[in-house]
Amino acid sequence: NYIKIFGFNNARFDNLLIYKYLYYKDNNTDYIFSGSTIKYIKHHNLEFYDIAQIYNGVKLRKICEDLGFKEQKGIYPYTFVNKYNIKIGYNIQF
């Protein structure tokens with residue numbers, strides 16, 4: 001069974017980080033590059049997609065509304081993370 005993971009606008013930064021760690025673990029990781037973005041990643045049974053490519057030009061808030069999601073896009077609390085509560089140096093394991 002495949003596990004499909006959908007992000008929104010994740011083709012640049014997020015997918016590049018994901019791909020970097022997956023490729024480091026197994027260089028047979030499949031991907032679709034377009035310019036400086038990764039539109040798709042496949043690693044064993046995991047598939048990563050950027051749905052912003054499917055819903056070109058539509059805002060995430062509108063997509064959530066159209067799909068009938070109860071949970072809606074909020075405003076990121078930028079004051080939540082600060083130099084006193086951030087933990088730097090996580091060791092990501094897959």
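**View 1. Asparagine 9 in the loop between E1 and H1.** Asparagine 9 is exposed, with a relative accessible area of 54%; exposed means over 50%, buried under 20% and partly exposed in between (1.4 Å probe, protein chains only). The residue belongs to the loop between E1 and H1. Helices (H or I, at least four residues) and strands (E, at least two) are DSSP runs, numbered from the N terminus. Phi of asparagine 9 is near 65 degrees, a positive value in a residue other than glycine. Most residues other than glycine have a negative phi. The model is predicted: local features need pLDDT of at least 70, side-chain atom pairs count only at pLDDT 80 or more, and totals for chains, interfaces and linings use all residues. Residues are numbered from 1 along each chain as its sequence is written, and side-chain values use heavy atoms, with hydrogens and water left out.

**View 2. Histidine 44 in the loop between E3 and E4.** Phi of histidine 44 is near 55 degrees, a positive value in a residue that is not glycine. Histidine 44 is exposed, with a relative accessible area of 54%.

**View 3. Histidine 43 and its polar contact with threonine 29.** Histidine 43 lies in strand E3 and counts as buried because its relative accessibility is 11%. The side chains of histidine 43 and threonine 29 are joined by a polar contact of 2.9 Å. A polar contact is a pair of N or O atoms within 3.5 Å; within protein, one must be able to donate a hydrogen and the other to accept it, and residues adjacent in sequence count only if both atoms are side-chain atoms. Not counting residues up to four places away in sequence, histidine 43 touches Leu22, Asp26 and Thr29, where contact means heavy atoms within 4.5 Å.

View 4. The 13 residues of H1 should span 18 Å at 1.5 Å a residue, and the end C-alpha atoms are 19 Å apart, which agrees. The expected span is 1.5 Å times one less than the number of residues. Asn15, Tyr19 and Leu22 are the buried residues shown in H1. They cover an arc of only 75 degrees around the axis, which puts them on the same side of H1; the arc is that of the directions from the helix axis to the C-beta atoms. Phe13, Lys20 and Tyr24 are exposed on the other side of H1. The cover over the buried residues of H1 includes E2, E3 and strand E4 (46-50).

**View 5. Aromatic pairs around tyrosine 19.** A search of the whole structure finds 6 aromatic pairs. Rings of Phe, Tyr and Trp (its six-membered ring) pair if their centres lie within 6.5 Å; planes under 30 degrees apart count as stacked, over 60 as edge-to-face and the rest as tilted. The rings of tyrosine 19 and tyrosine 31 have centres 4.9 Å apart and planes at 65 degrees, so this pair is edge-to-face. Tyrosine 19 lies in helix H1 (residues 13-25) and tyrosine 31 in strand E2 (residues 30-34), so the pair ties together parts that are 12 residues apart in sequence. At 11% relative accessibility tyrosine 19 counts as buried, while tyrosine 31, at 40%, counts as partly exposed. Tyrosine 19 also forms an edge-to-face pair with phenylalanine 33, with 6.3 Å centre to centre and 80 degrees between the planes. Because tyrosine 19 is in helix H1 and phenylalanine 33 in strand E2, this pair ties together parts that are 14 residues apart in sequence. Phenylalanine 33 is partly exposed, with a relative accessible area of 39%. Ring pairs link Tyr19, Tyr23, Tyr31 and Phe33 into a cluster.

**View 6. The largest nonpolar core.** Its 5 residues are Tyr19, Leu22, Ile38, Ile41 and Phe48. H1 and strand E3 (37-43) each supply at least two residues of this core. A nonpolar core is a set of buried Ala, Val, Leu, Ile, Met, Phe, Trp, Tyr and Cys residues joined through side-chain atoms within 4.5 Å. Tyrosine 19 touches Thr29, Tyr31, Ile38 and Ile41, with residues up to four places away in sequence not counted.

**View 7. Isoleucine 3 in strand E1 (residues 3-7).** At 44% relative accessibility, isoleucine 3 counts as partly exposed. Leaving aside neighbours within four places in sequence, isoleucine 3 is in contact with Asn45, Leu46 and Glu47. The C-alpha atoms of isoleucine 3 and glutamate 47 are separated by 6.1 Å, and the two residues are 44 residues apart along the chain.
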